[in-house]
Amino acid sequence: MLNNKKMIKKKIYNLLHTDTFIKSIYTLIIINVICLILESYKDIREQYGALLELIEVFSVIIFSIEYLLRFWTSDLDKKYTGNAFVKRMQFAVSTFGIIDLIAILPFYLPFIFAFDLTIVRILRLFRLLRIFKIGRYSKSLKMINSILKETKAELMLTVFVTFILLVLSSTLMYYIESDDQPEKFANIGQAFWWSVATLTTVGYGDVYPVTGLGKFLSAIIALIGIGFVALPTGIISSAFIEKIQEERAKKKKKPKKVVSCTCPNCGKIIEK
């Protein structure tokens, strides 16, 4: 009986990692995202609301079964260590374990707790997080995640330098422009908004300097911003190219399969 249970668990674990199952979940996630977009249109929501709700219920059932099966079979996963209970807890608190739970939890919460309509709408927005489930199945997203981990130190350094630049520029602009525009540069916090818009080269135009020195500083910050915005892009793209080259090198190094057969006349093994 115990052996049969282990065999069933092993079969389910293998099923969860088959291409057919992965493609099915992948398709269901895409359908959910499309339905979420369509639901925002009033006419479509009024005419096909029942169908969209049916798709939502069906999706939650499938995602719930998937989560429970993954939780149950997670003790077979070699990346987790410890006994069965510890391994399941490791899955539950893992990135994809949390994403899987958040993908279904908003559907069940209104049945457990009494929420007002606003909270229910906010909970329904969490359905969009189901798109992150694709990360488990998409090789491209896995590669991007790996690249972000590898370049974490460089990116954090860029963020730190950018933050210092934002604080310095907003402080300088406050002291330069506060006398001429007390309503727009009333404090460093308000000047920080201008600094963000300028450094990122967005330039909304709702807050801008009017003094000569302020305009000069704004021009300098905008020019520096072009380089700083491009810096993280350059770091990630460089790492992305390196990763692709590594993957190609691995494919080339893979040994070719040698097919052998026995000669029917002399019995000698022939390799093809």
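Biologist: Which helix is Trp-194 found in?
Modeller: First, this is a predicted model, where local features need pLDDT of at least 70 and side-chain atom pairs count only at pLDDT 80 or more, while totals for chains, interfaces and linings use all residues. Residues are numbered from 1 along each chain as its sequence is written, and side-chain values use heavy atoms, with hydrogens and water left out. Helices are DSSP runs of H or I with at least four residues, strands are E runs of at least two, and numbering starts at the N terminus. Trp-194 is found in helix α10.

Biologist: Buried or exposed: what does Trp-194 count as?
Modeller: Buried means under 20% relative accessible area, exposed means over 50%, and partly exposed is in between (1.4 Å probe, protein chains only). Trp-194 has 2% relative accessibility, so this residue counts as buried.

Biologist: How far apart in space are Trp-194 and Leu-166, C-alpha to C-alpha?
Modeller: Along the sequence, 28 residues separate the pair. In space, the C-alpha atoms of Trp-194 and Leu-166 are apart by 9.4 Å.

Biologist: And which residues does Ala-191 touch, not counting residues up to four places away in sequence?
Modeller: Ala-191 lies in helix α10 as well, and at 0% relative accessibility it counts as buried. Contact means heavy atoms within 4.5 Å. Leaving out residues up to four places away in sequence, Ala-191 touches Ser-170, Tyr-174 and Phe-185.

Biologist: How are α10 and α11 oriented to each other?
Modeller: Helix α10 (residues 188-199) and helix α11 (residues 212-253) have axes 7 Å apart and pack at about 55 degrees; axes are lines fitted to C-alpha atoms, for helices over the stretch in contact, and angles run from 0 to 180 degrees between N-to-C directions. Under 35 degrees counts as roughly parallel, over 145 as roughly antiparallel, 65 to 115 as roughly perpendicular, and the rest as oblique. The two helices, α10 and α11, are therefore oblique.

Biologist: Which residues of α10 make the contact with α11?
Modeller: On the α11 side, the contact involves Ser-218, Ile-221, Ala-222, Ile-224, Gly-225, Ile-226 and Val-229. From α10 come Trp-194, Thr-198 and Leu-199.

Biologist: Where in α5 is the kink of about 45 degrees?
Modeller: Helix α5 covers residues 95-112. The bend at a residue is the angle between axes fitted to the seven residues ending there and the seven starting there. The kink comes shortly before the proline Pro-106, at Leu-105.

Biologist: What about helix α3: where is its kink of about 80 degrees centred?
Modeller: This helix runs over residues 42-73, and its buried residues include Leu-52, Phe-63 and Tyr-67. The kink of about 80 degrees in α3 is centred on Tyr-48.

Biologist: Which helices do the buried residues of α9 pack against?
Modeller: Helix α9 (residues 152-177) reaches 37 Å from its first C-alpha to its last. Among its buried residues are Leu-166, Ser-169 and Met-173. The buried residues of α9 pack against α8 (139-150), α10 and α11.

Biologist: Zooming out, what percentage of the 272 residues in the protein chain is buried?
Modeller: The chain has eleven helices and two strands, and the elements run α-α-α-α-α-α-α-α-α-α-α-β-β from the N terminus on. Of its contacts with a separation of 6 or more, 63% involve residues 24 or more positions apart. The buried share of the 272 residues is 29%.

Methods:
Expected span 1.5 Å × (residues − 1).
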